[in-house]
Amino acid sequence: MSTWFEGISWNSDETLIAYVAEEPSPSKPTFNGLGYKKGGSTDKDCSSWKGQGDWEEDWGETYAGKRQPALFVININSGEVQAVKGIKTSLSVGQVVWAPSTKDVHQYLVFVGWSADTRKLGIKYCYNRPCALYAVRAPLYKSEANELELKDSSTEDVPVFNLTQQINSAFFPTFSPGGKYLVFLSARSSVDSGAHSATDSLHRIDWSTDVTLWPSAKIVDVIPVVMSAEDGCFPGLYCSSFLSNPLLSDGCTMIISSFWRSSQVILSVNVLSGEVLCISPADSNFSWNVLALDGDNIVAVSSSLVNVPQIKYGCIVEKTTKAAAWKIVLLMILLLLQVRSLLSSLQFSIMKIPVKNDSDSLTKDKHLGHFTRLTFLWINGRFSSGKK
């Protein structure tokens, strides 16, 4: 489950925070028996038809009743807050991060923007809404003491750059520690097909300190959309999100969780070469989810249909193959003793059932990504259908 219209990001010296919040509620008109009444509405009026103003469509589900998301920057020393200007009102924003320093005197923010020109309702669990990465100038200036301070830029013409014009879906922007490249996820298969969730792809932009080059920057495919994979091979990327800092100490190896047929695994992805390796144990039916990174150390959780969740610690023991060694670091013993007796009689296995003429199906519906197997879970004599 993704959190689209959220985000908080510290700048490099930890004096400023960029964040996403609902825009302030505009003054709404009220009407009396003679018609329009000037002066705006009161709190009392807002609970009735008198103070509702123009109807605005929201994004539905958990976003029902929420106002337009907007970008703000706060100075943590002074407490001053300024809204980021220049962003079109037709864009709903989220997932903001600070961009590395540039050649000019300004600092920039990178964020995801969803256009209100497309359908809104039901985005919470859907990846098929077009979106793009944008860069906008932060409302800052340098004081006489050479310190960054906020300023009101409402009277200025603030440029906003579309960084991903070549692709119709881009979200979860992440910069490398040195600021040399920007990595992001894409659900272009979902956007192209209309499917709620299909095969994802991972991309990289080599970051320039010259802002004029941003709109024309080349988008490199790190993990392309996988249409049909051989048995035992990487089936494609099925990743709903990743950590805010997903890179190991080498600055180019990303650790992410992704579904591999009927289980979730932990992948090591070299964002420069595109090499993808599964570093969670391959000889089990456990599902794994990465929780945090520290250097080359990984904290994850693993569980299965008949095993309670366990917190695992892993470290990279082989630099070339990115092999990881894992051990249990936290197990709820009391819960385990109570639950184990209930689970001890249960067993399960994953049964792979080939789909006939799957290549023909992919030709007709290739936008759906990799769906070459029907998977069923066999649990104590009962079938439970799996998703792939």
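**Exercises on pockets, a cavity and a sheet**

**Exercise 1.** Sort the residues that line the largest pocket by class.

*Solution.* Step one: count by class. The lining has 16 nonpolar, 14 polar and 1 charged residues (Ala, Val, Leu, Ile, Met, Phe, Trp, Tyr, Cys and Pro are nonpolar; Asp, Glu, Lys and Arg charged; the others, including Gly, polar). The model is predicted: local features need pLDDT of at least 70 and side-chain atom pairs 80 or more, while totals for chains, interfaces and linings use all residues. Numbering starts from 1 along each chain as its sequence is written, and side-chain values use heavy atoms, without hydrogens or water.

Step two: take the volume. The largest pocket holds about 870 Å³ of space (a pocket is an open set of points on a 1 Å grid where a 1.4 Å probe fits, with protein on both sides within 12 Å along at least five of seven lines; lining residues have an atom within 4 Å of a point). Of its 31 lining residues, S9, V97, P173, S244 and N245 are closest to the centre.

Step three: find the strands (DSSP E runs of at least two residues). β1 (8–10), β7 (91–98) and β13 (171–175) each give the lining at least two residues.

**Exercise 2.** Describe the largest cavity, where the probe fits but cannot get out.

*Solution.* First, its volume is about 30 Å³. Next, its lining: W4, W114, I123, C126, Y127, R129, C131, S169 and F171. Last, the classes: 7 nonpolar, 1 polar and 1 charged.

**Exercise 3.** Trace the open sheet of 3 strands.

*Solution.* First, the order is β17-β18-β19, paired antiparallel (pairing takes at least two DSSP bridges). Then the edges: β17 (253–260) and β19 (276–278) each pair on one side only. Finally, β18 (263–270) joins β19 over 3 bridges, and S268 has L277 in β19 as bridge partner.

Note on methods: Points joined across faces, edges and corners; volume = space filled by probe spheres on them. Helix = DSSP H or I, 4+ residues; strand = E, 2+ residues; numbered from the N terminus.
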